[in-house]
Amino acid sequence: MTTERERRFTGPRRGQLAFALGFLAISLLLLACIRDQTVWAAKTGLAAQPRFWPAIGLGAMVALGGLHLYRLPWRRFTRFDGAEMRRWAAALEYVLWFMAYVVAVPYVGYLPVTMIFVPLLAWRMGYRSGRMLAISVGFAVAVVLVFKMALSVRIPGAVLYEYLPDALRGFFILNL
Amino acid sequence: MDLILSAIEILMRWDVALALLAGSVGGVLIGAIPGVGPAVAIAILLPATFSMDPIVGLTVLLGIYGSSMYGGAIPAILINTPGTAVNALTTYDGYPMTARGEPRRALSLAYSASFFGGVFSVLCLILFAPVLARVAPMFGSREIFLAALLGIILVIVAHRGQTLIAGALAGLGIFIQSIGLEPVKYSQRYTFDQTWLSGGIDLIVVVLGLFALSQAFVLLTSEDEKIRTTRLRGGLFQGLRELARHPRVAGVSASFGVLMGMIPGVGEFTAQFMSYTYAQRTSKRPEDFGHGSSEGLIAAETANNAVPAAAMVPLLALGIPGEALTAMMLSVFYVHNVVPGPGLFQTRMDFVVALYIALLVLNVLVLIFLLMATRPLVQVVKIPNRFLGICVLTLSFVGVYSLRNSASDCMIAAGFGLFGFVLKRLNMPIVPIILGMVLGNIMEVKLRAGMARVKTPLDFIDRPVAFILFCIIIIVCVAHLRRVWLDRRELKEAEWRSKTRSTRFGGHLFRRRSYLSTERGKTVRARHLPSPRPSTDRD
């Protein structure tokens with residue numbers, strides 16, 4: 001039966017214990033490194049010490065994170081925690097998609113990679129009709145035109161553009 | 001008058017007009033799509049605005065901030081799903097109105113109330129600007145440090161029920177901002193001898209990860225929903241007339257919005273809650289609230305739209321952002337070497353007034369746009385979730401990569417995206433991390449500068465404003481501790497009430513052992529002991 005303390009907890013039960021434990025463990029690990037990773041300057045006031053603010057931040061993380069763990073109404077892992085952690089791991093797939101996109105742009109070019117990336121991910125997500133794939137290509141082209149051509153955001157030209165004819169190379173590097 | 005004229009002169013440019021239009025239309029569209037929200041849009045657009053003039057860049061971002069709540073009311077009213085988080089209260093009375101066949105009235109009333117809230121707050125602040133200009137120079141390093149500390153404390157205590165983890169996440173923000181080369185002694189902090197960490201972790205990379213990428217992951221891992229929208233017939237102009245019948249509710253709600261917006265860390269939710277409670281308590285028909293009350297809708301929408309202009313006050317006057325969106329805008333100021341704070345009010349007052357006038361024009365533009373284009377706009381709520389996720393992921397790349405063309409930044413952003421995804425799944429707050437980063441940096445710089453002239457700790461609060469701020473901090477902390485104590489007592493009572501057994505008998509005897517062992521106790525116990533069964537034998 002759900003206890004009063006559990007009922008008043010803000011947020012779902014699944015994953016809370018794992019998160020609180022992980023957060024505290026990492027905070028403690030970072031705090032343990034404080035002597036190696038920061039210096040204590042001689043003849044310097046406390047507020048101007050390079051170690052002062054990391055200590056405040058990590059101190060708050062350890063103290064309040066520890067109290068959060070102590071105040072959690074649950075002390076045991078359940079199968080729902082396991083399922084939740086698998087859900088967190090499932091998001092890693094999209095991190096990989098994103099990083100693949102990041103790595104490919106400097107070599108292949110912003111426009112070509114975006115035109116491949118968006119429909120490919122749309123296909124992976126189950127949008128396989130011709131209409132949705134056409135919309136995704138249109139979206140990819142629009143993003144590149146708006147940001148690189150119109151707003152001139154800084155995305156460098158690709159290695160592949162170097163092989164283009166002289167007349168096209170400059171245009172591609174600057175706008176696409 | 002001269003000030004207003006010179007402010008108008010700043011705004012009389014084609015690029016500012018274009019920014020106003022793009023910001024207002026874009027903001028409404030973004031607000032109307034559930035699952036995107038202004039934070040994602042501002043995070044993505046932030047690096048793109050760095051190449052613009054400060055007034056143009058800020059107008060686009062302010063436009064998105066101010067108009068997204070107008071757009072957020074559309075799905076809140078029509079499909080019972082708030083477009084932005086602050087439109088949650090709009091669903092209480094907006095959707096029941098749609099359910100009983102009055103979607104047009106609800107939308108019209110929401111637009112009118114939002115417009116009133118927006119215009120009221122801008123007018124208040126334009127009138128209030130000379131006072132601010134006089135007060136702002138009283139803030140030196142110590143006062144700004146204390147105001148930032150107050151801001152961070154308010155943000156933490158505002159997350160009721162999650163204060164501990166909000167504080168821990170604010171600590172994480174303070175820690176993240178301290179990573180990299182420390183600017184006074186030039187020593188490395190938490191770089192682990194990695195060159196890509198020596199420059200520190202950029203605020204925008206963290207913002208994009210926590211807001212945009214995490215939202216993309218949330219959308220990509222969710223299911224698409226079938227959405228049925230209601231058909232709208234007739235005009236949308238009746239709301240202004242209906243609003244005029246409730247001037248008290250609208251006026252008080254807008255005032256709450258302005259006041260709450262100015263206090264760092266408080267924002268829309270508290271303003272809405274206070275306005276809604278006030279409207280319900282003073283209404284002749286309080287039973288209608290939550291069932292399609294026009295007063296409830298006015299209170300919610302007026303209060304939340306009065307906040308954006310007011311939220312610019314601590315940012316512009318003291319350089320202290322009160323919430324995540326203004327924290328993002330702070331970076332636009334820094335990129336252009338315009339340092340918000342007391343100096344800005346003394347030297348660039350026309351710029352400040354220009355921003356407020358831009359907000360005023362923006363409200364008018366948004367209202368016109370919505371009155372004309374609501375019917376086609378309703379279709380954007382039908383965009384499938386996971387396709388939106390693909391769009392946000394693609395746009396996030398522009399935001400992160402265009403900053404320094406660094407794959408390491410993208411990797412850090414992806415890491416924060418994953419962390420933000422976990423936080424969102426667990427219903428934990430993200431804003432304390434961002435404010436911890438921004439306010440932590442301000443506190444570090446200002447404390448160092450302030451302590452240089454301080455001999456004893458009490459000297460730190462020997463100036464009137466510093467003393468007042470210090471007292472407010474103490475009051476907030478004491479009030480919070482009292483709240484925690486009351487909550488704990490209430491929890492104990494509730495636990496005791498919900499127990500199937502009245503109490504543990506052994507524990508009860510143990511607590512009363514000293515009384516039970518006295519003579520008086522023995523007498524009372526003897527009286528309650530079951531008396532020997534009366535004899536039924538008849539002799």
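Student: What does the secondary structure of chain B come to?
Tutor: Chain B has 24 helices and two strands. Helices (H or I, at least four residues) and strands (E, at least two) are DSSP runs, numbered from the N terminus.

Student: Where does the model come from, and how is the numbering done?
Tutor: This is a predicted model, where local features need pLDDT of at least 70, side-chain atom pairs count only at pLDDT 80 or more, and totals for chains, interfaces and linings use all residues. Residues are numbered from 1 along each chain as its sequence is written, while chains are lettered from A and ligands numbered from 1 in the order in which they are written.

Student: What is the mean pLDDT of chain B?
Tutor: The mean is 85, and 95% of the residues of chain B reach 70 or more. pLDDT is the predictor's confidence in each residue, from 0 to 100. For the complex, the predictor gives an ipTM of 0.95 and a pTM of 0.84.

Student: What does chain B span along its principal axes?
Tutor: Its C-alpha trace spans about 115 × 70 × 50 Å.

Student: And how many of its residues count as buried?
Tutor: Of 539 residues in chain B, 53% count as buried. Buried means that 20 or more other C-beta atoms lie within 10 Å of the residue's own; exposed means 12 or fewer, and partly exposed is in between, with C-beta atoms placed from the backbone.

Student: Let's pick one helix. Is α5(B) mostly covered or mostly open?
Tutor: Mostly covered: nine of the twelve residues of α5(B) are buried. Among them are B:Leu89, B:Asp93 and B:Tyr95.

Student: What should α5 of chain B span?
Tutor: Helix α5 (residues 88-99) of chain B should span 16 Å at 1.5 Å a residue, and its end C-alpha atoms are 17 Å apart, which agrees. The expected span is 1.5 Å times one less than the number of residues.

Student: What comes just after α5(B)?
Tutor: B:Gly101, with a positive phi of about 90 degrees. Most residues other than glycine have a negative phi.

Student: Which residue has a positive phi although it is not a glycine?
Tutor: B:Tyr186 is one of them, at about 55 degrees. B:Tyr186 sits in the loop between β1 (180-181) and β2 (188-189) of chain B. B:Asp193 also has a positive phi, about 60 degrees. B:Asp193 is in the loop between β2 and α9 (195-198) of chain B.

Student: Why does B:Tyr186 count as exposed?
Tutor: Because B:Tyr186 has 9 C-beta neighbours inside 10 Å. B:Asp193 is exposed too, because 8 other C-beta atoms lie within 10 Å.

Student: New topic. How many residues of chain B are in contact with chain A?
Tutor: 59 residues of chain B are in contact with 58 residues of chain A. Contact means that the C-beta atoms of two residues, placed from the backbone, lie within 7 Å.

Student: Which helix gives the largest share of chain B's side?
Tutor: α18(B), with eleven residues.

Student: And chain A, how is that divided?
Tutor: Chain A has domain 1 (4-90) and domain 2 (92-175). Their C-alpha centres lie 39 Å apart. The domain bounds come from an automatic or database domain assignment.
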